[in-house]
Amino acid sequence: MKTAWVWVVTMLAACSSPASETETPEGTTGETAAAAPAATAAPAKTTAALTLAPDGLSIVETPSGKARLVPFGIPRASAERMVGSVQGEQLGKGSSAECGAGKIDYTSYRDDLQLTFQENKFVGWTINSGESPLRTAKGIGVGSTRQQLDAAYKVDVEDSSLGLLFSTGDLVGLLDIDGIDGLVTSIWAGTVCLID
């Protein structure tokens, strides 16, 4: 009888031994082997572009379309930081005391963009040369035709000491010639100095 009990205990021990459990790869548990982590989709890369606005500059994120205004009146350092996050490094800084509005400081960026400052506040922006790709929310910028300008905005045009001046609210610029074939040669908003 004692032999029979030894045999039953041995059989029970064999049934519960580790050798009889499902084997898992070394360093893993049964749970991690059974459930491999699901692959997660990488979030879409967020990029941003600058849009010209009559009350500052707008940073528009893609693909979301979320816009953040860089408004006139904010401190110079904040405006430079925000614009620099999209336009990259500053290309130059300077100042001019020969402006009708008084002393103007400026910072230049790629795409012929110049920010203007008075008393350390962001007060205006200018694009006054080149084939800048920067545009308003309605698609107007340097190189736009008079026809495109008229289709996007209600525009007033007049001869001035600077040339053929157009304005639509707080957005102002110059055309090379009068008529439908005219092209926008410069565009600005806020307080600017067109001497430099």
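**A walk through a predicted model**

Hi everyone, let me start with a caution: pLDDT, the predictor's confidence in each residue from 0 to 100, stays under 50 over residues 28-34, for which the model has five contacts (heavy atoms within 4.5 Å) beyond four places in sequence. This is a predicted model, where local features need pLDDT of at least 70, side-chain atom pairs count only at pLDDT 80 or more, and totals for chains, interfaces and linings use all residues. Residues are numbered from 1 along each chain as its sequence is written, and side-chain values use heavy atoms, with hydrogens and water left out.

Back to confidence. The protein averages a pLDDT of 82, and 76% of the residues score at least 70. Over residues 1-25, though, the pLDDT is below 50, and this stretch has six contacts in the model beyond near neighbours in sequence.

Now the overall picture. The protein has four helices and twelve strands; these are DSSP runs numbered from the N terminus, with helices being H or I of at least four residues and strands being E of at least two. Of its 196 residues, 34% are buried. Buried means under 20% relative accessible area, exposed means over 50%, and partly exposed is in between, using a 1.4 Å probe and protein chains only.

Let's look at a sheet. Four strands form an open sheet with mixed pairing, in the order β3-β2-β1-β8. Strands β3 and β8 (135-136) stand at the edges with a single partner strand each, so one side of each is left without a neighbour in the sheet. Two strands pair if DSSP finds at least two bridges between them, and β1 (residues 47-53) and β2 (residues 56-62) pair in the antiparallel sense over seven bridges. In that pairing, L50 stands opposite I59 in β2.

Follow the chain into the loop between β2 and β3 and you find P63. The peptide bond from T62 to P63 is cis, with omega near 10°.

Next, helix α3. This helix, residues 76-87, has twelve residues and reaches 16 Å from its first C-alpha to its last, close to the 16 Å expected at 1.5 Å a residue; the expected span is 1.5 Å times one less than the number of residues. Which residues of α3 are buried? They are R76, A79, E80, M82, V83, V86 and Q87. Here is a handy rule: an α-helix has 3.6 residues a turn, so residues three or four places apart point the same way. Just after α3, G88 takes a positive phi of about 85°.

On to the aromatic rings. Rings of Phe, Tyr and Trp (its six-membered ring) pair if their centres lie within 6.5 Å; planes under 30 degrees apart count as stacked, over 60 as edge-to-face and the rest as tilted. By this rule the count comes to two aromatic pairs. F72 and F122 have ring centres 5.0 Å apart and planes at 65°, so that pair is edge-to-face. F72 lies in the loop between β3 (67-71) and α3, and F122 in strand β7 (residues 121-127), so the pair ties together parts that are 50 residues apart in sequence. The other pair, F117 and F122, is tilted, at 6.0 Å centre to centre and 50° between the planes. Together, F72, F117 and F122 form one aromatic cluster.

One last stop: E119, in the loop between β6 and β7. Is E119 buried or exposed? E119 is exposed, with a relative accessible area of 76%, and it has a positive phi of about 50° although it is not a glycine.
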